[in-house]
Amino acid sequence: MPGVAIRTENLEPMIRAFSTAPEWQGRFVSANMEQLGRRLAYLMRIQLKPNRYTGTLEDSTVSTYNPGSQRLEIGPTAKRKGWDAGMLLQRGTGPIPRVPFAPIKAWAEFRGLPAGPVYWKIKTRGAAAHPFVEETLARGDVQVAIRNTAARIGHQIAAYALQQVPGGGFASEPMTFGG
């Protein structure tokens, strides 16, 4: 019957492979994290769509992976007069006493709303928060993508270590432990 046989003498090459993991595991992590970043950026753009005005914020959503720190960042990069547009949407604003009318009017017309009350609300109370980051992370497809990526990284690292066993760790007998 096809299977994997692991004997104690087979563990030594696997242990040796894991002891050198910092030298080779990065390629598995990097490839998977870059792929995850592209997927999550796409899903964040979908989450931003209901707040769309010109599409600038949505279109600016990117992912950046730093292999040195193994850090993945996903988010919009658009600016509004020097302010981080994603942060403005995420957290909202306080009152904006000198808010320009023209952009508010264009946004309100795009939404089919009267511009005057919208302008007055932003001027006196600010813009409401729309926590798109939390909403993105709460999506089921985002959770599945993160979980699947973590599992895939683990499987690839384990498979690489298993390949260090003579014969690739595969045998025609069931898995056994012991001497």
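The structure holds five salt bridges, a salt bridge being a side-chain nitrogen of Lys or Arg within 4 Å of a carboxyl oxygen of Asp or Glu. Before you select any of them, note that this is a predicted model, in which local features need pLDDT of at least 70, side-chain atom pairs count only at pLDDT 80 or more, and totals for chains, interfaces and linings use all residues. Residues are numbered from 1 along each chain as its sequence is written, and side-chain values use heavy atoms, with hydrogens and water left out.

Select R71 and E73, whose side chains meet in a salt bridge with N and O 2.7 Å apart. R71 counts as exposed at 52% relative accessibility, whereas E73, at 43%, counts as partly exposed; here buried means under 20% relative accessible area, exposed over 50%, and partly exposed in between (1.4 Å probe, protein chains only).

Go next to D141 and R139, where another salt bridge has an N to O distance of 2.8 Å. D141 is partly exposed, with a relative accessible area of 28%. Within it, the closest N and O atoms of K49 and E58 are 3.4 Å apart. K49 is partly exposed at 48% relative accessibility, while E58 is buried at 9%.

Turn now to the rings. The whole structure has four aromatic pairs, counted when ring centres of Phe, Tyr and Trp (its six-membered ring) lie within 6.5 Å, with planes under 30 degrees apart called stacked, over 60 edge-to-face and the rest tilted. Select F101 and Y119, an edge-to-face pair with 5.2 Å from centre to centre and 75° between the planes. F101 lies in helix 5 (residues 101-111) and Y119 in helix 6 (residues 115-124), so this pair ties together parts that are 18 residues apart in sequence. Helices (H or I, at least four residues) and strands (E, at least two) are DSSP runs, numbered from the N terminus. Y119 is buried at 18%, but F101 is partly exposed at 38%. Then select W24, F28 and Y160, which form one aromatic cluster.

Finally, colour the protein chain by secondary structure: there are eight helices and six strands. Which pattern do they follow along the sequence? Read in that direction, the protein chain gives β-α-α-α-β-β-β-β-α-α-α-α-α-β. Of its 179 residues, 32% count as buried.
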